[in-house]
Amino acid sequence: MFVKELPEEVRFKISAGEVIESPADCVKELIENSLDAKAKRIEIEVIKGGKHYISVKDDGVGIHPEDLPKVILPFHTSKIERFEDLLSLNTYGFRGEALHAIAQVSRMVISSRFYQEDRGYEMRLEEGKVVHIREKGMAVGTRVEVFDLFYNLPVRRNLLKKEDTERAKILRLVRDYAMARPEVSFKLIAEGRELLNLPSTQSARDRLEEIYKTKFEEREIERDGLHLRVFVSLSQKKGEVKLFVNSRPVQNKSLTEYIKRTVGRRIAVCLLEVPPFVVDANIHPKKLEVKLQKEGNIKELFRELFKGHKTHIPSLNQEGHPY
Ligand code: ADP
Ligand code: MG
């Protein structure tokens with residue numbers, strides 16, 4: 001008789017906190033949605049490290065007017081229909097949770113014009129409830145604006161880090177996605193200042209050189225359905241290792257340690273393409289550490305790429321010339 005079912009709003013608020021913990025989590029979900037919508041340009045704007053305002057604007061396919069009120073319902077997605085679809089997944093999202101979660105803990109405005117429509121619509125939400133939907137003149141694409149994240153969850157809001165820390169997290173995140181998707185142009189504006197402006201390019205190496213302001217060499221190998229491209233900076237830097245699996249920034253401790261032993265104090269960016277069933281697709285959105293079925297094979301590919309280079313590519317001298 002003491003056990004009661006929690007009201008829906010309480011359940012929603014609790015579960016929202018599992019998906020979204022910080023402004024950067026919010027930006028991540030919105031960028032992934034833009035990429036899934038085939039955007040070629042993504043513009044991110046934040047104020048007060050994202051605590052006061054986050055906007056992610058894209059030129060993707062947009063949201064059909066009839067779908068607009070559905071996108072903020074829990075477990076509503078256009079990306080999969082059956083559980084089996086996860087085995088051939090080629091989108092970032094599929095859980096249909098993010099917009100619902102963000103809407104529960106913020107004031108949100110979603111503006112979108114579907115590519116087959118001649119006008120757009122703006123939907124305004126308070127705590128997950130639609131306040132209004134009205135017509136809006138705009139270009140094809142979608143803009144999601146998030147005001148005052150966690151304003152209705154004061155405890156969670158107080159747990160947010162300082163503005164500078166949150167802003168730095170967002171900058172790292174946008175850079176990661178920019179590295180994963182060089183063909184997409186990214187712009188990041190924080191407190192009215194432009195922090196990143198990366199034009200679209202077909203070359204992953206160009207994108208890296210633009211981001212790190214240093215030259216990279218590139219090695220590539222393909223075997224047994226695994227395709228590995230490794231970019232190593234020619235200059236010595238604080239040894240940073242970046243790992244991407246199927247254009248998703250991920251972390252994997254043992255692989256990272258392994259790569260560090262080979263490249264030493266250089267930046268290494270590894271782009272790995274594997275068939276979707278090799279990575280655990282049913283991964284939690286917050287879980288960056290991935291389990292890879294073929295970790296051994298991947299290390300072997302890496303070893304082959306850097307054969308004869310015991311530690312930090314000794315064939316490269318300080319200036320970055322290979323002789
Ligand atoms: P998921 O990405 O897992 O499907 P989300 O809650 O992130 O779940 O988004 C719900 C749905 O809203 C998506 O499946 C998609 O149909 C639509 N959507 C969200 N963001 C965009 C966008 N930027 N452009 C087009 N459609 C979008
Ligand atoms: Mg999503």
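The chain falls into domain 1 (8-198) and domain 2 (205-305), with bounds from an automatic or database domain assignment. This is a predicted model, where local features need pLDDT of at least 70, side-chain atom pairs count only at pLDDT 80 or more, and totals for chains, interfaces and linings use all residues. Residues are numbered from 1 along each chain as its sequence is written, and chains are lettered from A and ligands numbered from 1 in the order in which they are written.

Now the two domains together. Their centres, taken over C-alpha atoms, are 27 Å apart. In contact are 17 residues of domain 1 and 16 residues of domain 2; contact means that C-beta atoms, placed from the backbone, lie within 7 Å. On the domain 1 side, helix 5 (residues 163-180) gives the largest share, 6 residues. Helices here are DSSP runs of H or I, at least four residues, numbered from the N terminus.

Next, the core. The largest nonpolar core has 75 residues, and V27, I102, F244 and C270 touch the most other members. Such a core is a set of buried Ala, Val, Leu, Ile, Met, Phe, Trp, Tyr and Cys residues joined through C-beta atoms within 7 Å, buried meaning 20 or more other C-beta atoms within 10 Å of a residue's own. Both domain 1 and domain 2 supply at least three residues to this core. Leaving out residues up to four places away in sequence, I102 touches I20, C26, E29, M108 and V146.

Last, the ligand. Which residues come nearest to ligand 1? Of the 23 around it, they are N33, A37, T77, S78 and G93, where a residue counts if its C-beta atom, placed from the backbone, lies within 6 Å. Helix 2 (23-36) and helix 3 (98-104) each give at least two residues to this shell.

Terms used:
Contact = placed C-beta atoms within 7 Å. Buried ≥ 20, exposed ≤ 12 C-beta atoms within 10 Å, placed from the backbone.
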